[in-house]
Amino acid sequence: METFLGDIHYARWVLSALLVLPLAGAALLAAVPAAAAKRVALLVTVAEFIVSAGLWWAYDPAGPAMQLTAAAPWVREWGIGYRVGIDGISLTLVLLTTFLMPLAVLGSWAGITTRERAYYGLLLVLTTGMLGVFVALDLFLFYVFWEVMLIPMYFVIGVWGGSGRLYASIKFFVYTMLGSLLMLVAILYLYYDAGRAAGGAYSFSYDFVLRHAAVPLRAQFWLFGAFFLAFAIKVPMVPFHTWLPDAHVEAPTAGSVILAAILLKMGAYGFIRFALPFFPSVAFHPTVSAVVIALAVVGIVDGALVAMVQPDFKKLIAYSSVSHLGFVVLGVWALTVESAQGAVMVMINHGISTGALFFLVGMLYERRHSRLIADFGGIARVVPAYAAALTLVSLSSIGLPGTNGFVGEFLVLLGTFRTHPAAAAIATTAVVFAAAYLLWALQRIIYQPLDKRENEALPDLVPREYAVLVPLMAVIVWLGLAPAPILRRTEPSVRHFIETVQSRSAPPAVAEAEPR
Amino acid sequence: MSALAGSAADAVGLTVLLPFLGFLVNGALAFVGPRRTRLISIVGVGSVAAAFGVAVLVFLAVLGAHPDEPYVRSFWTWMPAGDLAVRAALQVDQLSVVMLLVVTGVGALIHLFSVGYMGEDPGYARYFAYLNLFIAFMVVLVLGASFPVLFIGWEGVGLCSYLLIGFWFTDREKAAAGLKAFLVNRIGDAGFLVGMFLLFKHLGTLEFVAVAERAPRLLTPGGGPATAIALLLFLGCAGKSAQIPLYTWLPDAMAGPTPVSALIHAATMVTAGVFLVARAGVLFALAPAASAAVAAVGAVTALFAATIGLKQWDIKKVLAYSTVSQLGYMFVGVGSGAYAAGIFHLVTHSFFKALLFLGAGSVIHALHRAYHHTHRRADAQDMRNMGGLATCLPVTSRVMWVATLAIAGIPPLAGFFSKDEILAAAFGRGAESPFWYGVWLLGAAAALLTAFYMTRLMLYTFHGPNRTGTPERPHIRESPRVMTLPLVALAALTVAGGLLNLPHVGTLHHWLEPVTRAAAELVAEPRPPLGTELALMALAVLIAATGIWLARTKLRPELLVPADRSKPETGWQKLLLEKYRVDEFYDAVLVRPVVWLSRVVLWKALDAGAIDAAGVNGSAVVARSLGWLGSRLQSGQVGTYVLIFVVGALAVLGALTG
């Protein structure tokens, strides 16, 4: 495989191709009849996944440095460049994205019946935006992609969403926009600061800014705050999370899947790539760190408890995301290799498992036009395959050992316990609440008497739905039993992240954050 | 290099793989061929029987080599992250191979019994799929070479338990019982997890061999970390093995099919906590206070559950509380540092309690068919609907008497020796502190009650007049061969099981020595002087005989009336029948407040109220108002602009200089 990739100079063009291909696909959509739109979209996303699959072999697991880089000047006089590249962390998120997009198209197959060309075109543009965020090595480029992915999502929710879509999409938009504008200000400040420090050679290059920026501590506090707000809204962390349940409930299935599986990861990714390496002295200032960790733990427990009492299954899963993403933030801030590795795993696992859960809710909704738990009951008798799939995916979401969910949570908690034992111990209670909210919901949906006439003739899974669920379930088991191939690829990058943060932070914070 | 490398022990992975393949095949058949009962039976029973065959070969290999060190068979790297290195690895040693034989052996017999018991159920394939999966996870539990791998099995068997308790899921109560079992177990598991984290923080490893090697060096005996680790692990054990305060799920778990109660909720899964304490013996030996707590919880649970068992009418509920009580004994054993005695009782209990449950299953099956014949709806598990069944079910009745005498502690049956050893161990430690005499006393009192409630069960079920109903009586027949055969096999094991570890000549004790040595080096195994031991034995027989005699003379099966004509109990009898109302108590102080907090405070008041209504939408209102204000201010009056400008500039300057 490696020789083949070498022969075709894969490393040189792959990232650029991944960014261009969906855009080309979106352009192509304008030229085909609406009825063919979904097939074209499927073709493009599958092609995208095949192209991206080579990354698995092309990426050298050993090196923490950015790989497969490409660069071209863009606006030379302002030092804006097209600079892309990936490390182990972005690698996994890129693959997660390209893996989920064909499934998202398949998941929209029956549910989207109006303005199909526009819908699938937006999905493809969104793909470019998301991938761009994960591969950008230029702060300006990063910001552009960040905004690019916001707009299609706004329309996907606002046009193809449910009855409350207007409120939800505006809430989503205003919240995210508020964060990203502050981030833009912070990026500009960093740009000028680094340029001045470098003697007038201004550049938005990630490495350049990281190397030269010498922001005074007081200003760092504000800049960190701006980045933090942008990413914390995206994650979302309590108390910035209330846009999420609304957006999820109103979004069409694929919108929910992408939102949960990938968009939320951008917040966590932003922490790891930008906010923490740039401002470690602030991020790991004892007070700041204590507040963030407290918010993460509150999110973990609060998200689970609120999920437990939701009457709407989709909203339940949305709240469970708040809980899961709390683990990511906790693992990152605990700053141990184990916990940060766990955080990366939770990011992937949440994408797989929660993505699958949203697909499953969508399948139920398409059959019954309801998401209310109380409208179901006993349907395992009529849709046994659906019930089996829902059970396996739920088990992965509650972190049953042997499934992917366990690996991430376990590593986060194990690592966090080394530096913040109390936080880890409190967060561990979530394993009880997680089981409570999902299995209780399962009990009321697939078990108990089949006592509602509307449910008696529900059709079981169709081949297209198997095509969506089987790959996800395979990954659930694979990453549960043998996550080492992923962990091996992310570990050097995670170590590099921790070293960067520690070497750049002021002495008191280092003492605070040092593992053991 | 272990002496076992290259031997049959290398095939140990098959004991996981075979039942797992059985699960896959039967799981597929549940969808594509649910009526192919022959194939399902062959795959279901065959995969476990084959695993038992492999287990015997592994056992023989260990017997031949009798290695001092465990043999760790490693397959792949599971979770490498930072300093953590967990391999997907199985550990073969004297302890795990004993457990392996019990799990696959008793498991195979119960699978065979299920062929008869579940034969007419439409979910036959699904049933065997779950049961096979259970065996696979249980084998992972007993063979896992590290805490996390053990934990895969630990939660995996919990999953199967959940699925099988709720097997007849269209029944609201049964589905709820499954959920309750899972959640209560998860409370324990949260403790188990934190215990692992603490262990890793102090030892930097979670693999058993390395833990046993490092723990004595890195943990201070009796120190805070050692005690905390042991207590946290024990919280997990209390969940899995149904000890106070987490025992409430097990009686409800009887909602599952009866062979499941025999396999999971009597013979194997629920003993996992005892196994874990023995497996982590070094850690408990380093934490005497935690060990004492284990013994105390075990002793109190043994007595407490036995009192509830006195008044239950449901035959399975009696056995369920009996199981909780017997598990208490096992914890007294391992808590006293007598790990071999605890494991010994685990093994013998798995024989006679599986036998009792399957026997009860045979009775229920017979009654169920009889009621089915006459189309009457009556409770086939209520002992008030039984009586005099010894004549119709001769085999079942006889083997159950064997098991009853064994659990009551009549020599030379298996239960006598194992229970006696545990009580002797606790008594032997009385020289250190009178606390241990208290533990012994509780255990002895529970033994009296055990003999009583078991005799009660037998009298009400098999003797006196029959209360099933005149039309049904001719239809009550002994179960088919496929069910009675496992009963007879288990009865034979119940008779002979005591030979495994006769006092002073015993072999199990010696056999486990390489495993228990590390713990024994820290805390000497208690053993009272020979004279005391003989006196205790005599006393134990006397207690058992008294219990049986009391039941025989005090109870009047001939005065009982069928369940639907019985008067409700009053006073303390009602309290016992209602199990001291502990479930209601938990519901009122834990479940309801948490749900209320989540719904009313966290969701409605904070999320929807404070953040959304006041914060988010409130800020929209503020923004709109500001917009309105702004539009008013743009009045075109230059003077107003200048005024605002000056005020604003002053405010900014003040903020910057202040």
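Tutor: The second largest pocket of this predicted model has a volume of about 1,200 Å³. A pocket is an open set of points on a 1 Å grid over the protein atoms alone, where a 1.4 Å probe fits, with protein on both sides within 12 Å along at least five of seven lines; lining residues have an atom within 4 Å of a point. The volume is the space filled by probe spheres set on the points, which are joined across faces, edges and corners.

Residues are numbered from 1 along each chain as its sequence is written, and chains are lettered from A in the order in which they are written. Local features need pLDDT of at least 70, side-chain atom pairs count only at pLDDT 80 or more, totals for linings use all residues, and side-chain values use heavy atoms, without hydrogens and water.

The lining comprises 33 residues, with Lys180(B), Leu183(B), Val184(B), Asp587(B) and Val591(B) nearest the centre. By class, 18 are nonpolar, four polar and 11 charged. Two or more lining residues come from each of α20 (430-445) of chain A and, in chain B, α6 (172-203) and α24 (582-633); helices are DSSP runs (H or I, at least four residues) numbered from the N terminus. The most, nine residues, come from α6(B).

Helix α6 of chain B also holds Asn185(B). Asn185(B) counts as buried because its relative accessibility is 4%, where buried means under 20% relative accessible area (1.4 Å probe, protein chains only). Leaving aside residues up to four places away in sequence, Asn185(B) touches Gly239(B), Lys240(B) and Trp249(B), a contact being heavy atoms within 4.5 Å. The side chain of Asn185(B) reaches the backbone nitrogen of Lys240(B) at 3.3 Å.

Technical notes:
Ala, Val, Leu, Ile, Met, Phe, Trp, Tyr, Cys and Pro count as nonpolar, Asp, Glu, Lys and Arg as charged, and the others, Gly among them, as polar. Buried means under 20% relative accessible area, exposed over 50%, partly exposed in between (1.4 Å probe, protein chains only). A polar contact is a pair of N or O atoms within 3.5 Å; within protein, one must be able to donate a hydrogen and the other to accept it, and residues adjacent in sequence count only if both atoms are side-chain atoms.
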